[in-house]
Amino acid sequence: MSASSQLNVSPGGALRGTIRVPGDKSISHRALMLGSIAEGTTCVHGFLEGQDALATMSAFRSMGVHIEGPNAGEVRIEGVGKHGLRIPAKPIDLGNSGTAMRLMAGLLAGQNFQCILTGDESLNSRPMARVCQPLTQMGARLETGSGGRPPLLIRPVLDELTGINYEMPMASAQVKSSLLLAGLYASGRTCVSEPACTRDHTERMLRAFGYEVTIEDSRVCLAGGGTLLGNDVDVPGDFSSAAFFLVGASIAKGSDLIIECVGVNPTRTGALEILRLMGADISVVNEREMGAEPVADLRVRHSELRGINVPRDLVALAIDEFPILFIAAACARGRTVVSGAHELRVKESDRIDAMAQGLTSLGLQAHPTRDGLIVEGGPISGGIINSRGDHRIAMAFSMSGLLASEEIVVNDCNNIHTSFPGFVQTARRAGLRVAQTHG
Ligand code: S3P
């Protein structure tokens, strides 16, 4: 996409037919990371060819890993083993990806070379102390920029990392994964406990690569010093990308859409439960295993949604889906209240603020709180939305066009490509009246 692409969404339409969404972003990152430090070859099928995962791919290439592809979702990684990475010639630019930076901070903390991790404006304003602080406790030598933000300078480890027992203050799969990856290089055991269950792709993939990960008193634990064995990874469709269509089809009269081969790992599908509580008609069919992860086809039909108080125990399981869930709330009858979602303030944008402002500019009532948002369902006018360069804010507001009375223009949409290349084409094929223009 060019420097300033925008989406123009004409009002109305319904979502129908059968679609697929691109591969899971979290799993694509992890496949590159584990494949690179494994012994032997890893073949990845269904890899997400979006900017975030491609940034991780370049990062490992710059550390001497031979990676072929991506070629229609196929990637072949010649693993160099845990100690085979080489010093990169220049700072590693991870673009927009918080997952890449936080997980790689852990993976690189135990190496015997120095490197710098940096990113785009959004990533360089995101908090990194959440990983740097526990990694430092393990013996890592990390320095951040001002205010605990990137760039990260990772100095060579002096002796060896030491495993720790860490109680995470926030529910974060990125922090958990970062510490587990550092734990691979640490003496003794590394155990992480979380205040609420978060996505477990790292644990599943480590086991698939032959590494023992145990659950002890609700903590995720592993011992350092083991070896990862290259493995094939089948990447399911990204539930987070499917979620835009689950909501779009739920809100638009006449919709009946099937989304094939979507990852339905229960640590990711909180939005499915939230939408069902709101009255959505979604069936999960053809459930099967795809490597280490469960997948299914999702069928969604239009239904009248109602506002709810979102149960707090579902928040971490739906953390990336709140932008589109707030659109569902705007289209529902009555009030929806989300609380306990402070993490939304430190995503690619402050998603509480970005959604409140966008909904207000479409004529809705949306009241931000410290850790959530209260949305009153109501009619949606047309308007201009500033997506703040956040891919999920942009895609969420494009779906609101299905019920809007006038055109919706979404600005600053370049980053849709970080997670959902081909979004506009897929959405148009399903029935969204969207066009993309480049300024
Ligand atoms: C991710 C974890 C989540 C999520 C992000 C991807 C991951 O972040 O928001 O998009 O792949 O581990 P947190 O762990 O910070 O909540």
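Helices α7 and α9 run roughly parallel to each other, because the angle between them is about 5° and anything under 35 degrees counts as roughly parallel. Keep in mind that this is a predicted model.

**Helices α7 and α9**

- Helix α7 covers residues 239-251 and helix α9 covers residues 322-330, and their axes sit 9 Å apart.
- On the α7 side, the contact uses Ala 243, Phe 244, Val 247 and Ile 251.
- The α9 side brings in Ile 324, Ile 327 and Ala 328.
- Sort these residues by class and you get seven nonpolar, with no polar and no charged residues.

**Helices α1 and α2**

- Helix α1 (residues 25-37) packs with helix α2 (residues 51-62) at an angle of about 10°, with the axes 9 Å apart.
- That angle is under 35 degrees, so α1 and α2 are roughly parallel to each other too.
- From α1, the contact takes in Lys 25, Ser 28, His 29, Leu 32, Met 33 and Ser 36.
- From α2, Asp 52, Ala 53, Thr 56, Met 57 and Phe 60 take part.

**Around the ligand**

- The residues surrounding the ligand include Ser 26, Arg 30, Thr 99, Arg 102 and Ala 171.
- Also around the ligand are Ser 172, Ala 173, Gln 174, Arg 199, Ile 319, Asp 320 and Lys 347.
- Ser 172 uses its side chain here, with a polar atom 2.9 Å from an oxygen atom of the ligand.
- Ala 173 comes in through its backbone, where a polar atom is 2.8 Å from a ligand oxygen.
- Gln 174 also has a polar backbone atom 2.8 Å from an oxygen atom of the ligand.
- On its own the ligand has 380 Å² of accessible area, and the protein covers 95% of that.

**Backbone spots to look at**

- Gly 69 and Pro 70 are joined by a cis peptide bond, with omega near 0°, and Pro 70 is part of strand β4 (residues 66-71).
- The bond from Pro 150 to Pro 151 is cis as well, with omega about 0°.
- Pro 151 belongs to the loop between β8 (141-143) and β9 (152-155).
- Ser 218 isn't a glycine, yet its phi is positive, at about 65°.
- You'll find Ser 218 in the loop that links β14 (214-216) and β15 (219-223).

Definitions and conventions. Residues are numbered from 1 along each chain as its sequence is written. This is a predicted model: local features need pLDDT of at least 70, side-chain atom pairs count only at pLDDT 80 or more; totals for chains, interfaces and linings use all residues. Side-chain values use heavy atoms; hydrogens and water are left out. Axes are lines fitted to C-alpha atoms, for helices over the stretch in contact, and angles run from 0 to 180 degrees between N-to-C directions. Helices (H or I, at least four residues) and strands (E, at least two) are DSSP runs, numbered from the N terminus. Angles under 35 degrees count as roughly parallel, over 145 as roughly antiparallel, 65 to 115 as roughly perpendicular and the rest as oblique. Contact means heavy atoms within 4.5 Å. A residue is near a molecule or strand if one of its heavy atoms lies within 4 Å of it. A polar contact is a pair of N or O atoms within 3.5 Å; within protein, one must be able to donate a hydrogen and the other to accept it, and residues adjacent in sequence count only if both atoms are side-chain atoms. Accessible areas come from the Shrake-Rupley method with a 1.4 Å probe; for residues, only the protein chains shown count as cover. Ala, Val, Leu, Ile, Met, Phe, Trp, Tyr, Cys and Pro count as nonpolar, Asp, Glu, Lys and Arg as charged, and the others, Gly among them, as polar.
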